Amino acid sequence: MELIINPVKKLRGEISVPGDKSISHRAVMLGALAQGTTEVENFLMGEDCLATVGCFKAMGVKIAGLDGEKLTIEGVGLEGLKESADILDAGNSGTTTRLLLGILAGQPFSSILTGDDSLKGRPMARVTKPLTEMGAKFIGRDNNNLLPLAVRGGKLKAIEFYSQVASAQVKSAVLLAGLFAEGETSVTEPTVSRDHTERMLKALGAEVVREGTTVKLKGRPELKGRKIQVPGDISSAAFLIVAAAILPGSDIIIKGVGINPTRDGILDVMNNMGARVEIQNFREQNGEPVADVRVQGGSLQGTEISGSLIPRLIDEIPVLAVAAACAKGTTIIKDAAELKVKESNRIAVVARELGKFGVKIEERSDGMIIEGGNSLKGCRCQSFGDHRIAMAAAVAGLVAEGQTIVEGAEAIPVSYPGFADALKLLGVE
Ligand code: S3P
């Protein structure tokens with residue numbers, strides 16, 4: 001499917017973005033493992049989260065409300081999941097796969113998990129290794145690194161795990177397996193990754209303690225279902241934030257965005273680049289900070305994006321590269337080798353696709369260097385099946401001269417159903 005983008009002068013208006021993808025996945029998983037009912041408001045009805053719903057339904061969990069925005073999950077408790085009669089399909093979703101592997105590791109039954117072509121190429125040894133150490137058994141290609149994976153869960157033992165990568169998916173897989181182990185499971189990461197799993201586990205009654213970059217969880221807690229209100233996804237808001245910031249004369253307000261400090265790196269970067277971004281109406285919703293974000297257009301300067309900032313904005317790098325292309329001067333992005341194992345190789349794909357707009361961009365093994373300030377030319381570009389590449393290209397198209405055609409736009413509803421309508425609402429024709 002093609003998305004046709006015509007340039008626009010400015011964006012104007014008030015809007016909200018769909019629910020946070022990471023939090024929506026966790027609401028289904030933890031709601032299923034809790035006792036009693038969990039009601040999830042503003043659940044993201046995107047394809048990734050629906051893949052998680054499908055997997056839990058296949059394991060006997062009753063989930064209702066898929067026709068609206070409120071989901072109801074009848075929790076089955078830590079012992080209540082049933083062996084699925086069929087292969088579990090995670091679609092395009094790395095979060096579904098890695099977090100689910102942690103849960104399946106603790107089940108007294110066998111499961112087989114697969115996904116689409118992109119997911120079948122993404123590394124899973126980062127979770128199957130620690131889960132094997134805890135006592136689960138896996139069979140899969142490339143030494144249990146690639147889907148499809150067969151899992152034989154069982155009695156797990158708690159471990160102290162030191163992760164090589166700052167990955168919330170790895171941390172969460174081990175913590176979720178730790179729910180089924182006696183004693184304390186701990187995960188230490190090089191820098192802190194998104195902490196939604198920890199926050200939600202606590203909200204449902206688990207004992208979770210953070211000490212620096214280490215998180216500790218006491219096994220076999222009694223989780224209690226509750227109401228969960230999912231904040232708007234800052235990773236979806238990111239496309240609108242950048243679009244408004246690079247179009248002078250823009251003035252938009254995005255309501256109810258989750259600004260968890262492990263996720264809000266984009267706000268720091270926009271600030272460093274000189275963008276006019278304001279946080280209004282700060283509040284807290286079920287242990288997650290939320291605010292309205294106002295963005296006004298203006299001129300941007302190049303910046304450096306590196307170090308502990310990277311996990312706080314890893315999913316925003318494709319669209320931050322568009323901001324960098326529109327900024328005066330050079331932007332250096334480094335320490336971001338993880339980009340190579342996302343839904344596409346986001347270093348190679350961002351460099352190639354932005355190159356088509358005429359952006360001067362140099363690919364590096366752990367990031368990219370972007371020379372900003374030249375005008376962009378509309379072009380025909382490809383998503384490579386990656387939702388965030390498709391939307392970043394669309395944002396570039398808004399400031400380019402002439403029309404842009406984004407091929408592979410059917411990937412967008414993976415995380416942002418209604419993206420094209422959101423642009424229309426803000427004035428894109
Ligand atoms: C996610 C963690 C991040 C992120 C992904 C969602 C999560 O991946 O890129 O989109 O929900 O835990 P990694 O943990 O692999 O960095």
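Predicted model: local features only at pLDDT ≥ 70, side-chain atom pairs only at ≥ 80, totals over all residues.
The three strands make up an open sheet in the order S1-S23-S22, with mixed pairing. Its edges are formed by strand S1 (2-5) and strand S22 (380-382), each of which pairs on one side only. From one strand to the next, the twist averages 20°.

Strand S1 and strand S23 (residues 404-407) run antiparallel and are joined by 4 bridges. Within this pairing, Ile4 stands opposite Ile405 of S23.

Helix H12 (residues 346-356) is mostly covered, with 8 of its 11 residues buried. The buried positions are Arg346, Ile347, Ala348, Val349, Val350, Ala351, Glu353 and Leu354. The elements that cover them include helix H11 (317-326), strand S20 (360-364) and strand S21 (367-371), together with S22 and H13.

Ile347 is itself among the buried residues of the helix. Just after H12, Gly358 adopts a positive phi of about 90°.

## Aromatic cluster

How many aromatic pairs does a search of the whole structure find? The search returns 2. In one of them, the ring centres of Phe239 and Phe419 lie 6.2 Å apart and the ring planes are at 75°; the pair is therefore edge-to-face, since planes over 60 degrees apart are assigned to that class. This pair links distant parts of the chain: Phe239 belongs to helix H9 (residues 234-246) and Phe419 to helix H14 (residues 419-425), 180 residues apart.

Phe239 counts as buried because its relative accessibility is 1%, under the 20% cut-off. Phe419 is likewise buried, with a relative accessible area of 1%. The rings of Tyr416 and Phe419 have centres 5.4 Å apart and planes at 65°, so this pair is also edge-to-face. Both Tyr416 and Phe419 are buried. Phe419 takes part in the pair with Phe239 and in the pair with Tyr416, and the three residues Phe239, Tyr416 and Phe419 form one aromatic cluster.

Conventions. Residues numbered from 1 in each chain as written. Heavy atoms only, no water. Pairing = 2+ DSSP bridges. Helix = DSSP H or I, 4+ residues; strand = E, 2+ residues; numbered from the N terminus. Axes fitted to C-alpha atoms, helices over the stretch in contact; angles between N-to-C directions. Buried < 20%, exposed > 50% of the residue type's maximum accessible area, 1.4 Å probe, protein only. Contact = heavy atoms within 4.5 Å. Phe/Tyr/Trp six-rings, centres within 6.5 Å; stacked < 30°, edge-to-face > 60°.
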